[in-house]
Amino acid sequence: MAKLQVAIDLLTTEEALALAAKVAPYVDIIELGTPLIKNMGSTVITAMKAAHPDKLVFADLKTADAGELEADIAFKAGADLVTVMGAAGNATIIGAVKAAKAHGKGVVVDTIGYPDRVKRAQEVTALGVEFVELHAGLDEQWTAGYSIQVLIDEAARAGVPVSIAGGVNIENVAAVIKAGAMVAVAGAAIYGAEDPAAAAKALREAIDAA
Ligand SMILES: O=C([C@H](O)CO)[C@H](O)[C@H](O)COP(=O)(O)O
């Protein structure tokens with residue numbers, strides 16, 4: 001069954017916990033966004049895991065170097081999954097995977113900004129990562145001409161476990177799952193909604209029906 005991941009791009013632990021409390025019944029993975037972790041530090045990871053021990057807590061570290069060290073910090077704080085940049089060297093990804101194995105947790109590679117996301121997804125899967133995030137970041141999404149269809153087409157030909165992030169919403173989530181993504185990541189479509197719980201519920205239902 002495909003998973004729903006809520007990306008919490010809010011800036012304080014208090015706001016993140018409040019949102020997670022509303023949407024937890026409908027999501028499988030709670031992502032602590034990079035700006036949130038940069039603002040609050042690893043304490044937000046600990047607070048979220050304590051509040052939601054039954055959910056996978058995803059620390060969007062976007063590690064670019066010192067993979068083992070940064071991953072170890074997040075796993076010790078309570079993370080189940082951490083991200084490493086696909087643009088990082090293989091040694092960084094291998095280091096993070098080493099830390100994940102030591103903790104019984106996992107690494108996700110984020111392909112943001114990488115020219116050939118599918119090729120990199122196939123390469124890093126061989127390094128032992130859990131899955132690869134085909135990701136158009138917020139800046140890319142705000143660039144004229146952006147369409148999530150690019151990521152949907154990439155997922156369909158990746159042939160390795162992937163998630164899709166970058167503008168997932170109720171209009172396109174079924175296509176995201178039908179393309180083969182094992183995880184649909186939704187940030188603004190949930191935290192920016194008037195009723196985040198209703199938005200998460202609708203996404204969950206659309207995923208289950210796809
Ligand atoms: O990972 C993200 C970004 O780099 C900022 O942290 C977003 O959470 C992710 O792209 C989800 O985006 P939207 O669903 O488009 O809000």
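**Exercise 1.** Which residues in helix 4 meet which residues in helix 5? Classify the contact and the packing.

*Solution.* This is a predicted model, in which local features need pLDDT of at least 70, side-chain atom pairs count only at pLDDT 80 or more, and totals for chains, interfaces and linings use all residues. Residues are numbered from 1 along each chain as its sequence is written, and side-chain values use heavy atoms, with hydrogens and water left out.

Step 1. Helices (H or I, at least four residues) and strands (E, at least two) are DSSP runs numbered from the N terminus; contact means heavy atoms within 4.5 Å. On the side of helix 4, the residues are Gly67, Glu68, Ala71, Asp72, Phe75 and Lys76. Those of helix 5 are Thr92, Gly95, Ala96, Lys98, Ala99, Ala100 and His103.

Step 2. These residues divide into five nonpolar, four polar and four charged. Here Ala, Val, Leu, Ile, Met, Phe, Trp, Tyr, Cys and Pro count as nonpolar, Asp, Glu, Lys and Arg as charged, and the others, Gly among them, as polar.

Step 3. The axes, which are lines fitted to C-alpha atoms over the stretch in contact, with angles from 0 to 180 degrees between N-to-C directions, lie 7 Å apart at an angle of about 30°. Helix 4 and helix 5 are therefore roughly parallel (under 35 degrees; over 145 is roughly antiparallel, 65 to 115 roughly perpendicular, the rest oblique).

**Exercise 2.** Determine the span of helix 5 and the surroundings of its buried residues.

*Solution.* Step 1. Helix 5 (residues 90-103) has 14 residues and reaches 20 Å from its first C-alpha to its last. That is close to the 20 Å expected at 1.5 Å a residue, the expected span being 1.5 Å times one less than the number of residues.

Step 2. Thr92, Ile93, Gly95, Ala96, Val97, Ala99 and Ala100 are its buried residues (under 20% relative accessible area; exposed is over 50%, partly exposed in between, with a 1.4 Å probe and protein chains only).

Step 3. Their cover includes strand 3 (56-63), helix 4 (67-77), strand 4 (81-85), strand 5 (106-110) and helix 6 (117-125).

Step 4. After helix 5 comes Gly104, with a positive phi near 70°.

**Exercise 3.** Locate Lys62 and Ala66, and state the phi of each.

*Solution.* Step 1. Lys62 belongs to strand 3; although not a glycine, Lys62 has a positive phi of about 50°. Its relative accessible area is 25%, so Lys62 is partly exposed.

Step 2. Ala66 sits in the loop between strand 3 and helix 4, and its phi is positive, near 55°. At 34% relative accessibility, Ala66 is partly exposed.
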